[in-house]
Amino acid sequence: MKKDSTIVDKIENNDTSSDEPSKDRKRDDDTRAKKERRESREEMPTQTEKSLTKDEREAVADHGKLSALSVYSVILREGEEELDRPKTSLWWSGVAAGIGISTSVLTEGVIRSGVGGDSPYLTVIESFGYTFGFVLVIMCRLQLFTENTITVVLPVLASPTRHHFYRTARLWGIVFAANMFGTFFTAAIAVHGGILTDEVLSAIFEISHHLADLPPSTTLLRGIPAGFFIAALVWMLPSTKGSEVVVIILFTWLIAAGGFTHVVAGSNEIFNLVLIGEMNIFTAFINHIFPMLIGNILGGTGLFALLAYGQVKQEL
């Protein structure tokens, strides 16, 4: 009886193991069929295109927009590359991003001190200063945490394995810590370095107080749209060749003008108050930085990344 039981177990194990290749083959066949349908659709001219010459049809194809699946593939590849980067590279790129994003607060302070706090259009004008740091960081390809709420999440959604979860957690931890180090370092230089005029420094403190006055619940809720806009910005960049700077300016201006909260830029404002003794570091993280962090993750990963993946899932 024991021998018969062993034979039955082997047969069941073989049946189970044979199911896996069968599922893989079916998945590959489905993917191949979807690709062939897309290729057939691309090769089939529309009614208008039938009257065009070959060169004119090629011009139409060249001016076509990237499909959602193409954009997804671009960002997925970028995410895989980021996940494979060494820890040291991620750290120093994250520190540079924290320093670079602090340019947003500095430029806002410069504009506020120049325009004056009584101007009725101060928020609209001052918010353009907020865009400087984002242009610097994104165009320099530095590691900004909020960009990674979508870029490195897509590989996890495509293949939710323990290995992918570990790599994403590893990157998020390193980049967030590096961004915080960079913004704290820049705040220390601004507050104690003696490199800013009293007018500019005073304006920066006014901006910092505006963020610090928000209760944690409001800070979190305002972080959700900011996370969504940054993730949407990342999604748009592959389709905006030649216009990247304009797109970055428009959406990051909207974050500032709308009063939304971004964890990395906002941390620089909060650290300014820590360094002049108006707030302790524990309060800074619990009441301000962590609520912004959660809001940005909810907006970038919980909303945009899932929606972006959902629209292409059936085409993969």
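A: The answer begins with how to read the model, then takes the pairs one by one.

This is a predicted model, in which local features need pLDDT of at least 70, side-chain atom pairs count only at pLDDT 80 or more, and totals for chains, interfaces and linings use all residues. Residues are numbered from 1 along each chain as its sequence is written, and side-chain values use heavy atoms, with hydrogens and water left out.

Side chains of opposite charge can pair when their charged atoms come close. The structure holds 6 salt bridges. Each one is a side-chain nitrogen of Lys or Arg within 4 Å of a carboxyl oxygen of Asp or Glu.

Start at Arg-112. A salt bridge joins Arg-112 to Glu-126, at 2.6 Å from N to O. Arg-112 sits in helix H4 and Glu-126 in helix H5 (residues 122-139), so the bridge ties together parts 14 residues apart in sequence. The helices are DSSP runs of H or I with at least four residues, numbered from the N terminus; strands are runs of E with at least two. Both partners are buried: Glu-126 has a relative accessible area of 7%, and Arg-112 has 17%. Buried means under 20% relative accessible area, exposed means over 50%, and partly exposed lies in between (1.4 Å probe, protein chains only).

Arg-112 also meets Glu-206 in a salt bridge, at 3.1 Å from N to O. This pair links distant parts of the chain, since Glu-206 belongs to helix H8 (residues 198-212), 94 residues away from Arg-112 in helix H4. Glu-206 is partly exposed, at 39% relative accessibility.

Between Asp-84 and Arg-167, the closest N and O atoms are 2.4 Å apart. Asp-84 lies in the loop between helix H3 (68-83) and helix H4 (87-115), while Arg-167 lies in helix H7 (residues 162-192), and 83 residues separate the two.

Beyond its neighbours within four places in sequence, Ser-102 is in contact (heavy atoms within 4.5 Å) with Thr-183, Thr-186 and Asn-268.

Now the nonpolar side. In soluble globular proteins, nonpolar side chains tend to be buried together. A nonpolar core is a set of buried Ala, Val, Leu, Ile, Met, Phe, Trp, Tyr and Cys residues joined through side-chain atoms within 4.5 Å. The largest one here has 64 residues, and Phe-134, Phe-145, Ile-150, Trp-235 and Val-263 have the most contacts inside it. Helix H12 (residues 281-312) gives the largest share of this core, 9 residues. Not counting residues up to four places away in sequence, Ile-150 touches several residues, including Trp-235, Phe-304 and Ala-305.

Helix H12 has two further features. Asn-280 caps its N-terminal end, with a side-chain oxygen 3.1 Å from the backbone nitrogen of Phe-282. Helix H12 also has a kink of about 35° at Ile-289, shortly before the proline Pro-291. That bend is the angle between axes fitted to the seven residues ending there and the seven starting there.

Note on methods:
A polar contact is a pair of N or O atoms within 3.5 Å; within protein, one must be able to donate a hydrogen and the other to accept it, and residues adjacent in sequence count only if both atoms are side-chain atoms.
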